[in-house]
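Thanks, everyone. Please take a look at the sequence and the structure on the screen, and then I'll walk you through a few spots.

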Amino acid sequence: MKRSLRVGLTVGLVIGLASAVGNVPAVAAWEPVRPVEFIVPAGTGGGADQMARTIQGIVTKHNLMKQPLVVINKSGGAGGEGFLDVKSSAGNPHKIIITLSNLFTTPLATGIPFNWKDLTPVAMLALDEFVLWVNAEKPYTTAKDYLDAVKQGTGTLKMGGTGSKQEDQIITVAMEKASGAKFTYIPYKGGGEVAVQLVGNHVDSTVNNPIEAVAQWRGGKVRPLCVFDDKPMSYDEQVTDGKAWKDIPTCKSQGLDIEYLMLRGIFMSPRATKDQIEYYVDLFKKVRDTPEWQDFMKTGAFNTTFMTGADYAKWVETEEKRHELLMKEAGFLASN
C-alpha cells in the first residue's frame, strides 16, 4: 500500500508540474525597450532622409513599435560619421541605419576603417533610380541636346551632386567618358540642396533620384532627360503636364550606355541576435504593407525589390565589388 501510494503521489506530482509548466506564458520575442535611433548617413532633404522620415511617420501612425523611432542625420565625412557610429555600437540593437551607395563609396574614397561587413544586414527596402535633370527654362529636351551643349561649353557647364567621389560624381565621370563631354562638378551636402541649386540655375544639371526632384518636376521647374536604367520606369500615373515616370527614356536609348541603381537598405549594429534581426525584418514588412509606403514608392518611382538574409548579403557583396571597379575607373580610390 505504501509503495502504491508513493507511486500515485509521484505520478500526480509529475502531472501537476507538467500542467503548471504548460500554463507559463511563452517568453516574448525581442523588441526594443527604449527609443531606436534611425541613423541617416546623409544630409536632410535627400532620398535617404526622405525615406527614413517616411518610415518614421508610418511607424508612428500605425503604431508599429512601442518605442519611438528617432531619425538622426550624421552626414559628416560623406556619411562616414554615421557608419562609424553604428559600427562602434556593437551589441546595441536600438540603433539602425539606412544606407545608400556611400556604404561602399565612402570607405573606398576615404580609407576610413569601415566596411559593410562591420554591420548586420537587415533588409533591402528598395532600389533607387537616377535621372538626368536640367532646369525647365533651358532649351534642352534630350540628353543629346544637353551633352552637345556641354561639349561646346568645354567644362563651363556645372553638374551639381551629393558629395565628392560619391554616386552622383561616379555617374558624372561615366557620362564624360561615354560622351566626351566635360563638366565642372559641384558637390553639395544632400539631394534636397542639389535640387534647389538646379531650380535657382546655380548648376546646369543634376542626376538626382526621382524622389529628390519630383516636387520640382511637378512644379514645372526642372525637366527630366533620361533615366540611368536598362528599361524605362514602370509607373504610369501622371506626374505633371501629361507625363509619367514611364515616359522618361533610358539614357541608353539616348546614346549614353550607363546603368546605375542605388541601394536603399537597412543595417544594424554589430553582434545583433537572430531575434533582433527578425524583429526589424518583420517591422519593415509591416511598413511595406501600408498604403503610405505604396504611395511613397510611386511618388519616387522606386524599384520595389525586397531582400533579407543571405540573398541580401550576397547582393551587397556583389555591389561592393562593382563599386570598387567603378571607383577605380573614375580614379576615386583612396591612395594607400
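Predicted model: local features only at pLDDT ≥ 70, side-chain atom pairs only at ≥ 80, totals over all residues.

The protein averages a pLDDT of 91. Of the residues, 91% score at least 70.

Now Tyr 140. Where does it sit? Find the loop between β5, residues 131-135, and α5, residues 143-153. Tyr 140 is in that loop. Is Tyr 140 buried or exposed? Its relative accessibility is 16%, and the cut-off for buried is under 20%, so Tyr 140 counts as buried. Who are its neighbours? Leaving out residues up to four places away in sequence, Tyr 140 touches Val 134, Asp 145, Tyr 146, Ala 149, Leu 157, Arg 223 and Leu 225. Take Arg 223 from that list. Tyr 140 and Arg 223 are 83 residues apart in sequence. In space, their C-alpha atoms are 8.6 Å apart.

Next, the strands. Start with β12, residues 262-268. How many of its residues are buried? The count is 7 of 7. Look at both faces. Met 262, Arg 264, Ile 266 and Met 268 point one way. Leu 263, Gly 265 and Phe 267 point the other way. All of them are buried, the arginine included.

Which strands pair with β12? One is β3, residues 95-99, which runs antiparallel to β12 and is joined to it by 4 bridges. There, Ile 98 stands opposite Ile 266. Another is β4, residues 120-128, also antiparallel to β12, with 7 bridges. Two pairs to find on the screen: Ala 126 has Arg 264 as its bridge partner, and Thr 120 stands opposite Met 268.

Stay on β4. In this strand, 8 of the 9 residues are buried, so β4 is largely enclosed by the rest of the structure. β4 also pairs with β13, residues 307-308. That pairing is antiparallel, with 2 bridges. Ala 123 has Thr 308 as its bridge partner in β13.

On to the helices. In α10, residues 291-299, the buried residues include Trp 293, Phe 296 and Met 297. Why do they share a side of α10? They cover an arc of only 100° around the axis, so they lie on the same side. As a reminder, an α-helix has 3.6 residues a turn, so residues three or four places apart point the same way. What covers the buried residues of α10? The cover includes α2 (47-61), β4, α8 (210-218) and α9 (274-288). After α10 comes Ala 301, with a positive phi near 50°.

α2 and α9 pack at an angle of about 90°, with their axes 10 Å apart. They are therefore roughly perpendicular. Which residues meet there? From α2, Ile 55, Ile 58 and Val 59. From α9, Leu 283, Phe 284 and Val 287.

That's my tour. Over to you.

Note on methods. Residues numbered from 1 in each chain as written. Heavy atoms only, no water. Buried < 20%, exposed > 50% of the residue type's maximum accessible area, 1.4 Å probe, protein only. Contact = heavy atoms within 4.5 Å. Pairing = 2+ DSSP bridges. Arc of directions from axis to C-beta. pLDDT = per-residue confidence, 0-100. Axes fitted to C-alpha atoms, helices over the stretch in contact; angles between N-to-C directions. Parallel < 35°, antiparallel > 145°, perpendicular 65-115°, else oblique.
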